[in-house]
Amino acid sequence: MGADSKLLALCSYETTKLVRIHSVRLGTLKWTLNATVLLFICLLLLWNRKYQQFDQVVSSVTAKVKGVALMQLPGQGAVIWDEADYTGSSQDKNSFFVITNVIVTKNQKQGRCPEHPSSGRLCRRHEDCERGAWDPHSHGIQTGSCVKFDALTRTCEVAAWCPIEVKKKPPRPALLASAEKFTVLIKNNIRFPAFNFIRRNILPNMTESYLRRCQRAHDSLCPIFMLGDIVGRAGENFSTMAVEGGVIGIQIKWDCNLDRLTRHCLPAYSFRRLDQKESNKTLYPGFNFRFAKYNTVDGVEERTLYKAFGIRFDILVFGQAGKFSFIQLIIYIGSTLSYYALTTVLMDWLIGTSCYAAEEGQNYSERKVESVPDKKECILCVSYVDEDDVRLVKMSHKKRLQDVKTISVQPRQENIGHMTATLCLPLDPLTSLTAFSKARSRPPSWCKCGGCSASPLPPEELCCRRSSEGACVAASPLFEKLSLYRPLLEALLLYQDPLTRMPPGAAALRRCAYRQYVAWRLGVPPADTHPAIPRCCVTRIREAFPSVDGRYGGLALPSEAEM
Ligand code: ZN
Ligand code: ZN
């Protein structure tokens, strides 16, 4: 190939060939499907705001609890608790705590006292106790003596804050159940860094008088919540939860649309319990911790120990803001184009199956799909003189043709035209024209007729007989008449092309001789197969019409090729 033609081959464009079917039914169906897809794409675009670029929220939260409660402390009487008492010692990030129940152990001093039987060791003698022993459940360090706990039990003495906290179970009902009425003001500042947009949950139009009056029940934007209301909306009962405590999540969701025309950016509050709910089924239920208040009486340090049960409120802020972005719109449109392929797939399936008119469907399919056999797989048609049928085998470059496995056996289809023409020939008594020299050297192992010679190419190694040893077809008188008789071959060549040069060259005679063999022995070879000619016949024809330079092109396979 020249450089010019290579360049020309590069400068080309291959396009897909299409088949247009003129059909009202199919056309209507196509447009209906396409309209459905378009509708779906548009709905998704508007509903999910696919034309926007999104950014996640960054936020900070503070909370302020207000309320006063009257509490009946056992052994102490009525006590007033305000927010300094019940919110615990520290404020965590994004959460606040409210004490709802408490176990108080008053006037503890450093000293020695009997350990509580549930957390210490029961004993009878001093030897039962071990000086200096300690374990994670005990309140102090053992002194090594065994002392009376009450009238019936003796326990090991410990050095600890005495007296030791005795009560284990929280009081029922909760001492601070009235915390239900407390209110909390949640302040939430948010920012969307990508759009440099800042907002608070206390909106600009909210005045101080509004905040004093507003109630969650009527106004979903009010940032002041009643604790009982929060717990109720989380699906819990406040007085039940107050006994052992728990964790409640306050979720603030910001779903903002920052486009000028459809601007909308308001918080939405929701509530749910975050810890395990079934207090009687779980180990270590609820939420509690201990703290102490210290004072000095007559130079001796004393403390009051509180085991506080309460509800922790975790404020979780999440959300996103979207703003129109041309790039996002383009990306979305690009990603939806493939949906239109659904129409093609569905319609092709409809045409391919019998759902559509079967006959027309077949017609369309044939027009649409062009079947081309795989050229690489060469199927050869072989005929043996000791068998009536023809065999189809796959050509192999490694295995000799005589040994290749048969794909299928088919009845021989007689070439009627050839047979008729042959019978019209004036046949002399069938005598040998040329002496057929049997193989000069010993025939190869695969040869059953004794006329074949070895070949370097395995696809050429085919004998005229399949299994039984016997006479060779190339030695038969009819083979000589049909394939080697020069006047007949010359007449055939002239019949095909009356102006052909006479006398014909050896190559043309060989080609004609092969064709004669194929028409005689194989008849009409099945479609898409190549006839194969046995080695003995090829050798005999080549001997009869030898090439001048002694070279023969190609394999003795396709009848058209030069052999
Ligand atoms: Zn042979
Ligand atoms: Zn033979």
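Is K109 buried, partly exposed or exposed? I began my notebook with that one, keeping in mind that this is a predicted model.

**Entry 1: K109 and its partner**

I looked up K109 and found it partly exposed, at a relative accessible area of 35%. Its side chain meets that of E302 in a salt bridge, with 3.6 Å from N to O. I then checked where the two sit: K109 belongs to strand β5 (residues 95-114) and E302 to strand β14 (residues 300-324), so the bridge joins distant parts of the chain, 193 residues apart. E302 is buried, with a relative accessible area of 8%.

**Entry 2: other salt bridges**

My count of salt bridges came to 19. I picked out a few to look at. E236 pairs with R273, and their closest N and O atoms are 3.2 Å apart. This pair also links distant parts of the chain, with E236 in the loop between α5 (227-233) and α6 (238-244), R273 in strand β12 (residues 267-273), and 37 residues separating them. Both partners are buried: E236 has 14% relative accessibility, and R273 has a relative accessible area of 14%.

I also noted R125, which bridges to E127 with closest N and O atoms 3.4 Å apart. E127 counts as exposed at 61% relative accessibility. Through shared partners, salt bridges join R125, E127 and D128 into one network.

**Entry 3: zinc ion (ligand 1)**

Which residues hold this ion? I found C447, C449, C452 and C463, each through SG, at 2.3 Å. The angles among the four donor atoms run from 101 to 115°, which makes the arrangement tetrahedral. Along the sequence the donors follow the spacing C-x1-C-x2-C-x10-C. I checked burial for two of them, and both C447 and C452 are buried.

**Entry 4: zinc ion (ligand 2)**

Here the SG atoms of C449, C464, C472 and C536 coordinate the zinc ion (ligand 2), at 2.2 to 2.3 Å. This site is tetrahedral too, with angles of 105 to 117° among its four donor atoms. The donor spacing in sequence reads C-x14-C-x7-C-x63-C.

Conventions:
Residues are numbered from 1 along each chain as its sequence is written. Chains are lettered from A and ligands numbered from 1 in the order in which they are written. This is a predicted model: local features need pLDDT of at least 70, side-chain atom pairs count only at pLDDT 80 or more; totals for chains, interfaces and linings use all residues. Side-chain values use heavy atoms; hydrogens and water are left out. Donors are N, O and S atoms within 2.8 Å of the metal (3.2 Å for Na, K and Ca); water is not among the atoms, so sites may look incomplete. Four donors count as tetrahedral if all angles lie between 85 and 135 degrees; four count as square planar and six as octahedral if opposite donors are over 155 degrees apart and all others between 65 and 115; anything else is irregular. Buried means under 20% relative accessible area, exposed over 50%, partly exposed in between (1.4 Å probe, protein chains only). A salt bridge is a side-chain nitrogen of Lys or Arg within 4 Å of a carboxyl oxygen of Asp or Glu. Helices (H or I, at least four residues) and strands (E, at least two) are DSSP runs, numbered from the N terminus.
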